[in-house]
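Please look over the sequence and the structure shown below, and then read the report that follows with both in view.

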Amino acid sequence: MSIIVQKFGGTSVATAEKIRNAARRAIAAKSQGHQVVVVVSARGKKTDELVDLAAEITETPTPREMDVLLSTGEQETIALLSMAIHKMGEKAVSLTGTQIGIITDNASTKARIKKIATKKMHDYLDDGHIVIAAGFQGCDEDGNITTLGRGGSDTTATALAAVLKASMCEIYTDVEGVFTTDPRIVGQARKIPQLSYDEMLELASLGAGVMHSRSVEFAKKYRVPLRVRPSFSDGIGTLISQKGPEPLPVVTGVALVKDELRVSIKNLPDRPGVMSFIFSKMAARKIPIDLVVQDIAEEGTAGVTFTVPRADFADALTAASSAVEEIGQGTVAHGTELSKLSIVGSGMATHTGVAAQMFQTLADHEINIMMISTGDIKISVLIRSDRALDAVQAIHESFHLDKQENKTPTIGFQHASEPDIQVVSDDREQEVVLGLANMEDIVVSDVLVDTSQARVTIEDLPDRPGIASKVFKAVAEGGIMVDMIVQNVSEEEETNITFTIPRDDLEQCLLLVREVIGQSDGAALSYDAEIAKISVAGIGLRSHTGVGDKLFKALADNDINVLMVGTSEVRMTAIVKKDHAARAEEALKKSFAIQ
């Protein structure tokens with residue numbers, strides 16, 4: 001008999017009637033022949049009420065006691081839902097995280113799951129019970145109650161689905177499914193019928209609030225199919241699985257993080273070990289780094305810029321200042337009132353014009369780009385917050401995301417049907433997952449090396465809307481696929497753009513770019529045909545702090561300088577000299593214990 005896990009968020013169990021509705025859904029699933037486990041959050045604003053109540057008692061509650069307090073919200077819900085199912089004539093049992101046997105580490109308020117016992121749940125399921133599990137919580141090896149932090153109930157649901165080998169994990173929420181963008185921003189946003197784990201991971205980390213990336217990481221690791229469904233109707237919602245729809249959409253969705261904070265470190269010495277030292281400072285304070293942009297060095301100095309959540313901003317500035325002081329060179333600057341706008345799509349690696357169309361659309365609306373960072377299936381830009389909503393609307397319309405059919409960009413050309421992306425085999429990834437000591441440990445499955453690329457850099461471009469679009473439109477119309485794109489924050493109203501392309505297209509690309517920058521006084525063009533792209537591939541690379549620190553340290557210890565950096569949910573990439581590629585691959589495989 002197949003097992004289905006259903007998860008109901010706080011708004012879906014906020015009232016007695018909504019609890020009864022959740023009970024009916026669980027009973028309906030059981031009547032269809034499934035064994036059913038239901039995971040619930042605290043009702044409505046219950047968690048906020050408990051946080052406010054603690055604040056009335058003390059300004060500095062201990063993390064342990066906050067775990068004990070906040071876990072009571074879910075305990076209330078599981079009891080009420082069990083009562084509702086009993087009233088409707090079915091058997092149900094409520095279980096806390098501790099009663100189930102969800103064992104976590106001891107990181108209070110942000111614990112990670114180590115293992116989950118299944119015997120008690122199976123015994124109740126085999127006896128005909130619907131199991132009602134408290135989300136968001138577990139206990140450490142000493143029996144202390146722990147909570148899982150943001151997205152904890154989604155994480156509980158996907159983790160239980162993984163260990164129970166459930167056929168489906170249904171996430172019930174107050175929206176119809178996953179949309180092409182936030183429908184509160186764009187009224188024409190469309191529900192997406194199906195998308196891949198990787199697309200959902202990127203959308204979740206880049207601002208889409210329907211699911212938390214930790215829960216999607218669990219689903220991808222353990223191959224749990226997810227379906228995000230509305231709790232208020234019988235809609236089928238959105239399926240999230242290993243493969244997305246066919247044909248692959250060039251752009252699946254637009255995501256926005258409204259409140260981004262930038263930390264820039266300029267004038268750093270361009271030598272091995274500097275990036276490692278900076279990222280070790282961030283990792284020591286467990287600061288989650290988001291966008292990372294490193295400039296190509298000029299006259300022996302380099303710069304790096306990254307964004308962090310507001311809660312970690314002060315710590316990040318302190319860590320950056322400490323790093324500069326110990327290095328003995330560099331300056332720290334910061335920026336606020338910024339937003340990160342991103343597009344995601346598995347098919348963008350098959351079309352030359354995706355970046356160009358995004359940049360052109362922003363230029364048409366006089367929205368300046370402050371930073372650019374790309375991954376295999378995403379392009380992110382940093383813009384002013386006061387233009388963020390306009391930007392989302394414009395990009396959504398430009399890529400025709402309100403239409404069901406898969407529209408291609410009007411700039412550039414479609415290439416081969418299969419994206420030219422180095423991939424890790426499913427067997428290799430699952431081999432690593434099966435060897436994990438703890439369920440939520442990071443998965444680093446392989447080190448990928450690409451020595452077929454070249455680097456192009458344009459320096460001293462005017463920092464105004466439309467500059468990036470002109471460059472990448474010319475390259476796209478020339479049929480050249482661009483891989484990594486990096487633009488750091490400008491200095492003195494001038495900016496630098498660096499990107500990588502297939503080495504075989506370098507000569508043609510230089511001709512196209514020279515024609516564009518000939519219109520800009522003072523702009524300079526440089527290139528390097530002898531580079532290598534080294535990528536650490538896995539799951540949870542961004543949600544686990546310290547991956548960048550480990551990567552940069554391994555390269556620094558082997559006297560390998562990092563020329564460019566790129567990050568995504570499933571890859572962390574460094575550009576190095578081509579003659580360092582073999583040494584870099586060996587160092588990273590050793591550092592991440594890859595056979």
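If neighbours within four places in sequence are left aside, Leu341 is in contact with Val254, Ala255, Leu256, Met358, Leu362, Ile379, Ser380, Val381, Ile383, Ala391, Val392 and Ile395, where contact means heavy atoms within 4.5 Å. The model is a predicted one, in which local features need pLDDT of at least 70 and side-chain atom pairs count only at pLDDT 80 or more, while totals for chains, interfaces and linings use all residues. Residues are numbered from 1 along each chain as its sequence is written, and side-chain values use heavy atoms, with hydrogens and water left out.

Leu341 is also among the residues with the most contacts inside the largest nonpolar core, which has 51 residues, and Ile343, Met358, Phe359, Val381, Phe472 and Phe499 are listed with it. A nonpolar core is a set of buried Ala, Val, Leu, Ile, Met, Phe, Trp, Tyr and Cys residues joined through side-chain atoms within 4.5 Å, and buried means under 20% relative accessible area, with exposed over 50% and partly exposed in between (1.4 Å probe, protein chains only). Helix H14 (residues 467-477) gives the largest share of this core, seven residues. A second, separate core of 48 residues includes Val37, Ile100, Val216 and Met439.

## Helices H2 and H3

Two packed helices are described by the angle between their axes and the distance between the axes. Helix H2 (residues 46-57) packs with helix H3 (residues 63-87) at an angle of about 150 degrees, and their axes are 9 Å apart; that makes H2 roughly antiparallel to H3, a term used for angles over 145 degrees. Here axes are lines fitted to C-alpha atoms, for helices over the stretch in contact, and angles run from 0 to 180 degrees between N-to-C directions. Helices (H or I, at least four residues) and strands (E, at least two) are DSSP runs, numbered from the N terminus.

On the H2 side, Lys46, Thr47, Leu50, Val51 and Ala54 meet Met66, Leu69, Leu70, Thr72, Gly73 and Glu76 in H3.

## Helices H9 and H16

Helix H9 (residues 274-284) and helix H16 (residues 547-557) also pack at an angle of about 150 degrees, with axes 8 Å apart, and H9 and H16 are therefore roughly antiparallel to each other.

## Lys286

Lys286 lies in the loop between H9 and strand E14 (292-294), and Lys286 is exposed, with a relative accessible area of 54%. Between Lys286 and Asp312 there are 9.0 Å in space, C-alpha to C-alpha, although the two are 26 residues apart in sequence.

Definitions and conventions: Parallel < 35°, antiparallel > 145°, perpendicular 65-115°, else oblique.
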